[in-house]
Amino acid sequence: MLESANQDYRVVSSMRNHPFLTKSFAVIGHRGAAGHAPENSLEAFEIAFAAGVDAIELDVKSLHNRLWVFHDDTVERLTNGTGAFHELSESQLAALRLQNDEPIPDLATVWDLVPPSIAINIELKGPNTGTPTAAFIATHSHRYLVSSFYVDELRAFTMNAPHIPTALLTRKRDEYLLATAAELGVTNVHIMDSVAEPDYLAQCIDSGFTVYIFTVNDRKRAAQLRDLGVAAVFTDVPRDMKQLAS
C-alpha cells in the first residue's frame, strides 16, 4: 500500500491540466524518437516533431559549464568513443559522434529546434544538473516540465525555478513514492510501464498527481493506460502513436 500524500500537498499538486499539457491525453517523444533514430539526436527530435508529438523528452548532463543532451554515464553504447562521460575533456567531447554521425548536442542547440507548440520535458541525469537547468530555463522561454529520479536535483531545481512543474520518476512500486512526491511538491509522478498496475495508478491519481508512463511502444497498451486515467505516455515510436492523442 502506498503511503498517502497529506491533504495540503494534495491541494498543491492537484494540477490535472497544468500548463505543460495541452490535451487530455498526450504523446511524448522519448529521447526524441529513440525507436526511429539515435536517441537524443537532432534527427530523433526532428522525427518526433514531424510525427506530431505533444512534447519531447530529453536527458541532460552537466559538463564543462554546459548542459549536454545525453543519457548514459559512459559513451560506448551511443557513440564511437569509450569511457566515462564526466571524464571527457572538452576536445574529446567535441570529437564524439552519435550513431548517425551527429555530435552530441547541447541543450541550447536542441532548444533552437523545438517549435513553440511542442513542450519540453527535461530529465535531470545525475549530479549538478538541477541548478544549471533552472538557469537555462530563466533565459530560454518555453513550456517545460523537469523530471528526475534524483531527489536532490529536483530540490535544487525547484529552489531556483519554483514556477516550473516537476515530476518524480520511479521504476518500482515504492511505498514512499507519494510521500516523497508530496514533500518535493511535484505535480507529476512518472512510472515505468512494467509496474504501472491499475491499483498503483489509481492511488497516485487519487492523491492528486498527474501520471505519465514510460516507455510505451504498443498502441493497445497506450490506449489502456489512457483509459485508466494516465495523462501521457513516453514512446520511442511516436510515428506509431500519434493517432492516440486527444
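This is a predicted model: local features need pLDDT of at least 70, side-chain atom pairs count only at pLDDT 80 or more; totals for chains, interfaces and linings use all residues.

Student: What radius of gyration does the protein chain have, and what would a compact globule have?
Tutor: The chain has 246 residues. A compact globule with 246 residues would come out near 18 Å. The value for this chain agrees with that: 17 Å.

Student: What percentage of the residues is buried?
Tutor: Buried here means under 20% relative accessible area. The count runs over the 246 residues of the protein chain. The buried share is 54%.

Student: How far apart are the mean positions of the positive and negative charges?
Tutor: The chain carries 20 positive and 31 negative charges.

Student: Which residues of helix α5 are buried, and how wide an arc do they cover?
Tutor: The buried residues of α5 are G130, T133, A134, F136 and I137. They sit on the same side of α5, because around the axis they cover an arc of only 160°.

Student: Which exposed residues are on the face of α5 turned away from its buried side, and what covers the buried ones?
Tutor: The face turned away carries A138 and T139. The cover over the buried residues of α5 includes β2, β3, α4, β4, β5 and α6.

Student: Why do the buried residues of α6 line one face of the helix?
Tutor: In α6, residues 151–160, the buried ones are E153, L154, A156 and F157. An α-helix has 3.6 residues a turn, so residues three or four places apart point the same way. Seen down the axis of α6, the buried residues line one face because they fall within an arc of 160°.

Student: Which residues are exposed on the other side of α6, and what do its buried residues pack against?
Tutor: D152 and M159 are the exposed residues on the other side. The buried residues of α6 pack against β4, α5, β5, β6 and α7.

Student: Where does F149 lie, and which residues is F149 in contact with beyond its neighbours within four places in sequence?
Tutor: F149 lies in the loop between β5 and α6. F149 is partly exposed, with a relative accessible area of 23%. Leaving aside neighbours within four places, its contacts are E123, L169, T170, R171 and F214.

Student: Which residues of α8 are buried, and which are exposed on the face turned away?
Tutor: Y200, L201, Q203 and C204 are buried in α8, residues 198–206. Their arc is within 160°, so they line one face of the helix. The face turned away carries P198 and D206.

Student: What covers the buried residues of α8, and which residue with positive phi follows the helix?
Tutor: The cover includes β6, α7, β7, β8 and α9. After α8 comes a residue whose phi is positive, near 100°. That residue is G208.

Conventions:
Residues are numbered from 1 along each chain as its sequence is written. Side-chain values use heavy atoms; hydrogens and water are left out. The radius of gyration is taken over C-alpha atoms; the globule rule is 2.2 Å times the number of residues to the power 0.38. Buried means under 20% relative accessible area, exposed over 50%, partly exposed in between (1.4 Å probe, protein chains only). Lys and Arg count as positive and Asp and Glu as negative; His and the chain ends are not counted. The place of a charge is taken as NZ of Lys, CZ of Arg, CG of Asp or CD of Glu. Helices (H or I, at least four residues) and strands (E, at least two) are DSSP runs, numbered from the N terminus. The arc is that of the directions from the helix axis to the C-beta atoms. Contact means heavy atoms within 4.5 Å.
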